[in-house]
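Subject: Structure handover

Hello,

Here is the structure I said I would pass on. Please open it alongside this message; my notes come after it.

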Amino acid sequence: MAQEVKVSKSEAPQPAPREFGRVESIPHKHRRMSKWDLFATWVGANANNGTWYIGGVIAACGFLTASTTLVIVGLVSYALLAVASYMGYQTGLPAMALTRASFGLRGSFIPSVINVVQFIGWAAVNTFIAATSISYIFGELFGWPLYGKPGGTFGLIVGILIMSVLHLLSISVGEKSVQMIERVGIVLVVIFVMWESVVVFKTVSFHDIVTWQPPHNMRMSSGVAADTLAAFNLAWVTAASDFSRFTAKKSAATTSAFLGANFGLFWFAFIGLFATIGTAVSLNHFDPNNSDPSTVAAKLGLGVIALLVIVLTSTTANAVNLMSAGSALTNMTHRLSLRVSLWIVTIAATLVTFIPVYLASFLDVFETFLDGIGMFLGPEIAIFLVDYFFLKGKQYRLSEFTKVRGAYWYTHGINWVAVASWVLGVVAYWALKQVPAIASTIGATFIAMAIAAIIYWIGMRLVQPKAEKA
């Protein structure tokens, strides 16, 4: 009779740790995105209708205040973009998957939801502006009523549907189609902006633009401009890793991202600023609702070609927006492929685009959207950057990113220190906006980010004072 062998509990085979969703780290040897590709991606991300519109909106500060605020906020914001981009280069992981280390595997749903909402919102913003261009094109070619005139809504709706088809084509094969469309788009952007610059300065002198002042009842403070620009710029920080993970060069992830984003921002925002002030000077009337490139291009007499370029540059920008939204969605719904997620967010962006058509003016919706982004986004960014660079020493354990009860599981999958720090950062933003000395001068965004960062750093030190670096 065979002798029974007793196996102790400690020697018995242990079940493998449960997995929490899939994440894919891109090995360096499989990365094909060059410095130029990443530079073009970030130029194209900012050289678009939304950036032009931002430039037009902050024209309400007057040229000097608007331009100074634009440069300072751009440099600070995209320095953060560069360091966030470094995270993707080092780990090969998409942006929202990286937040699992700071917020916890389940807690990362918070930044993921924010990203899905904000990038769907940005895609809708660009779509609306491009659809306005299409309505002007239909007006030129077929005599259809322009948007804003009786019967003009039909042309806008057709334009939204056309843009949606273009967006589905632009994200049809994931990051490869984004890379291709950015290479083409950057050439069109350069040609268009040069043409626009010549037309603007033929119409109005530089001296007239610099000395122009908005009506007192429409003036925007430097603090409001700073928060508006910060909300616009920081949106890209949460998408940085979605693209830098495809490059094998650190300089591409950091320097190319920083230079490309700032180049696109300064070029198009300044053109929006010049064009909006130039239109106000030439018409002797300033209306911030007319800051979008379609309206300005039509009033400057640029014709159908310019409007077509506006449509195409919107497509290049939304390729980045939709890719980032789709990536965030896959972090929450692990059963969906990236391609399916991209289709879902594209359809959602189309539906959101109809909100200003029927419920409010585009400017009102846009400003409300920006204020919400700044409040929720800044503290989130502060937390995941502090976690990676200061608490974890730029070292994440990639094998732990899907493990239930692993290093990043925290309490039932949520790091409550991160969640509490984020909530306090949001509250700080709201409170600072109620302080005129701050809200009207430097804005609330970066102060709220600093507050969230300090709270998180102290909280994690208190909770895990002797924890080894991940």
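The model is predicted, and the values are computed from it.

Helix H20

H20 runs over residues 445-463, which makes 19 residues. From first C-alpha to last it reaches 27 Å, close to the 27 Å expected at 1.5 Å a residue. Which of its residues are buried? They are Thr 445, Ala 448, Met 449, Ala 452, Ala 453, Tyr 456, Gly 459 and Met 460. Seen down the axis of H20, these buried residues fall within an arc of 140°, so they line one face of the helix. The face turned away from that buried side carries Ile 454 and Leu 462, both exposed. The cover over the buried residues of H20 includes helices H3 (63-91), H5 (100-103), H10 (222-237), H17 (362-391) and H18 (416-432).

Two buried threonines

Thr 69 lies in helix H3. Its relative accessibility is 10%, so Thr 69 counts as buried, the limit being under 20%. A polar atom of the Thr 69 side chain lies 2.7 Å from the backbone oxygen of Thr 65. Setting aside neighbours within four places in sequence, Thr 69 is in contact with Ser 222, Ala 225, Ala 226 and Leu 229.

Thr 238 sits in the loop between H10 and helix H11 (240-244). Thr 238 is also buried, with a relative accessible area of 1%.

Aromatic rings

The count of aromatic pairs comes to 28. One of them is Phe 142 with Trp 144: the ring centres are 5.9 Å apart and the planes stand at 40°, so the pair is tilted. Phe 142 is exposed, with a relative accessible area of 54%, whereas Trp 144 is partly exposed at 29%.

Elsewhere, Tyr 86, Tyr 89, Tyr 388, Phe 389, Tyr 396, Phe 401 and Tyr 408 form one aromatic cluster.

Regards

Conventions:
Residues are numbered from 1 along each chain as its sequence is written. This is a predicted model: local features need pLDDT of at least 70, side-chain atom pairs count only at pLDDT 80 or more; totals for chains, interfaces and linings use all residues. Side-chain values use heavy atoms; hydrogens and water are left out. Helices (H or I, at least four residues) and strands (E, at least two) are DSSP runs, numbered from the N terminus. The expected span of a helix is 1.5 Å times one less than its number of residues. Buried means under 20% relative accessible area, exposed over 50%, partly exposed in between (1.4 Å probe, protein chains only). The arc is that of the directions from the helix axis to the C-beta atoms. Contact means heavy atoms within 4.5 Å. A polar contact is a pair of N or O atoms within 3.5 Å; within protein, one must be able to donate a hydrogen and the other to accept it, and residues adjacent in sequence count only if both atoms are side-chain atoms. Rings of Phe, Tyr and Trp (its six-membered ring) pair if their centres lie within 6.5 Å; planes under 30 degrees apart count as stacked, over 60 as edge-to-face and the rest as tilted.
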